[in-house]
Amino acid sequence: MSAKHPVVAITGSSGAGTTSVMRTFDSIFRREGIDAAYVEGDSFHKFDRAGMKEELARALSDGDHTFSHFGAEANLFEDLEKLFRGYGETGTGRVRKYLHDKEEAAPYDQEPGTFTPWEDLRSGTDLLFYEGLHGAVANEQVDVAQYADLLIGVVPVINLEWTQKLHRDKDKRGYSTEAVTETILRRMHDYVNFMCPQFSRTHVNFQRVPVVDTSNPFVARTIPTPDESMLVIRFADPHGIDFPYLLSMLHDSFMSRPNTIVCPGGKMDLAMQLIFTPMLLRLMERRGRTR
C-alpha cells in the first residue's frame with residue numbers, strides 16, 4: 001500500500017449502487033479540496049461493445065456458456081494492476097474511457113460502445129479513485145487489491161441484484177426476461193470466482209438487504225427502495241473505528257457483530273460521509289508527510 005499517491009477503489013457489480021457512492025465521494029472531495037483522478041472500471045474491459053458480442057458468439061459456438069464481463073478473459077487485469085501500482089509509486093498512469101451512450105460519445109466524435117485512445121493521467125492529482133467491477137481482483141496472475149490504500153465493496157444481496165438487473169435490462173434496454181435470465185446464468189461462474197472473493201479483500205463493505213419479499217426476483221414487480229432496505233456495513237479491521245459516534249449519528253442503527261453496523265438503507269450517503277471523510281483525510285496527511 002502506498003502513502004505517497006493513494007489509490008481508492010470502489011468495487012461492486014453493476015446496479016449495486018457504485019454510481020451513487022461515486023457521487024458521495026465527489027461531495028467529500030469537493031468539501032475537503034481533494035483533487036482526484038477518476039477511473040471507470042469499464043475502461044479496462046478487453047473488448048468494445050461490438051467486439052464483446054463477437055467474442056460472446058464465438059464462446060457460445062465453442063460450447064462455452066460462462067464467458068462474461070466478470071471474468072479474466074474479458075478484462076485487462078494486468079493493465080489495471082499496472083495502473084494501481086504505477087500511480088501509487090509515481091502519481092501517473094495510462095487510462096482511457098468507455099463511451100456508454102451517445103451523450104458520452106459526442107465530445108469524442110465516436111460511436112457509443114467504443115473506447116477512447118489511451119492517454120496519460122493529468123499530473124498533480126491527490127489520489128486515484130476507481131469505480132468498477134474489479135478494484136480488489138486477484139488471481140494467480142495479478143493482485144490488483146494489494147496496490148489499493150482503501151478498498152470499498154458495495155453489493156446488494158443476490159436476489160436484490162437480480163431484481164435490479166431484470167428491471168433495468170427490460171425497461172431501459174428492451175430485453176426479455178428470458179434473455180436477462182440467460183445472462184445471469186452465464187455470469188454465475190465468473191461471479192462466484194471473480195466477484196465474490198473481492199469482498200473478502202475490501203476494507204469496508206456496504207451490503208443492501210431488502211426487508212420486503214424478494215424470494216422470486218424473476219417476477220418481482222418493483223425494486224425495493226432504500227427505505228425498504230437495511231444497510232449492513234462491515235469493517236475488516238474495526239480498530240480505530242468510533243462505533244459509539246457512528247451509532248449516535250445514524251439513527252435507528254445497531255451493531256450485529258463487533259465489526260458490523262446495521263442502519264436504515266436511506267442513510268447510506270450519511271454513513272459514507274461519516275466513515276470515509278476521516279479515512280481520506282488520514283490518507284492525505286500521510287501523503288503530505290511523504291512529499
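**Salt bridges and their surroundings**

Mentor: Let's begin with arginine 31, which forms a salt bridge with glutamate 32; their closest N and O atoms are 3.3 Å apart. A salt bridge here is a side-chain nitrogen of Lys or Arg within 4 Å of a carboxyl oxygen of Asp or Glu. Before going on, keep in mind that this is a predicted model, in which local features need pLDDT of at least 70 and side-chain atom pairs count only at pLDDT 80 or more, while totals for chains, interfaces and linings use all residues. Residues are numbered from 1 along each chain as its sequence is written, and side-chain values use heavy atoms, with hydrogens and water left out.

How exposed are the two partners? Arginine 31 is partly exposed, because its relative accessible area is 46%, and glutamate 32 is partly exposed as well, at 31%. The cut-offs are these: buried means under 20% relative accessible area, exposed over 50%, and partly exposed in between, using a 1.4 Å probe and protein chains only.

A search of the whole structure finds 10 salt bridges. One of them joins arginine 94 to aspartate 120, again with 3.3 Å between the closest N and O atoms. This pair links distant parts of the chain: arginine 94 belongs to strand 3 (residues 94-95) and aspartate 120 to strand 6 (residues 119-120), 26 residues apart. Helices (H or I, at least four residues) and strands (E, at least two) are DSSP runs, numbered from the N terminus. With a relative accessibility of 44%, arginine 94 counts as partly exposed, whereas aspartate 120 is exposed, at 55%.

Another bridge pairs aspartate 149 with arginine 286, where the closest N and O atoms are 3.9 Å apart. This pair, too, links distant parts of the chain, 137 residues apart: aspartate 149 sits in the loop between strand 7 (127-132) and strand 8 (150-156), and arginine 286 in helix 8 (residues 268-290). Aspartate 149 is buried, because its relative accessible area is 6%, while arginine 286, at 26%, is partly exposed. There is also a network: salt bridges that share partners join Glu55, Arg58 and Asp62 into one.

Strand 6, which holds aspartate 120, is one of the elements that, like strand 2 (36-40) and strand 4 (98-99), each supply at least two residues of the lining of the second largest pocket. Strand 2 gives the most to that lining, with 5 residues. The second largest pocket has a volume of about 450 Å³. Tyr38, Val95, Arg96, Lys97 and Tyr108 are the closest to its centre of the 21 residues that line it. By type, the lining divides into 12 nonpolar, 2 polar and 7 charged residues.

The terms behind that need some care. On a 1 Å grid over the protein atoms alone, a pocket is an open set of points where a 1.4 Å probe fits, with protein on both sides within 12 Å along at least five of seven lines; lining residues have an atom within 4 Å of a point. Grid points are joined across faces, edges and corners, and a volume is the space filled by probe spheres set on the points. Ala, Val, Leu, Ile, Met, Phe, Trp, Tyr, Cys and Pro count as nonpolar, Asp, Glu, Lys and Arg as charged, and the others, Gly among them, as polar.

Most residues other than glycine have a negative phi. Aspartate 109 has a positive phi, near 55 degrees; aspartate 109 lies in the loop between helix 4 (102-105) and strand 5 (114-115), and at 75% relative accessibility this residue counts as exposed. Aspartate 252 also has a positive phi, near 70 degrees. Its loop runs between helix 7 (243-249) and strand 11 (254-257), and aspartate 252 is exposed, at 53%.

Finally, the whole chain. The protein chain has 8 helices and 12 strands. Its radius of gyration is 19 Å, close to the 19 Å that the globule rule gives for 291 residues, so the chain is as compact as a globular protein of that length. That radius is taken over C-alpha atoms, and the rule is 2.2 Å times the number of residues to the power 0.38. Of the 291 residues, 47% count as buried. Among contacts (heavy atoms within 4.5 Å) between residues at least 6 apart in sequence, 74% join residues at least 24 apart.
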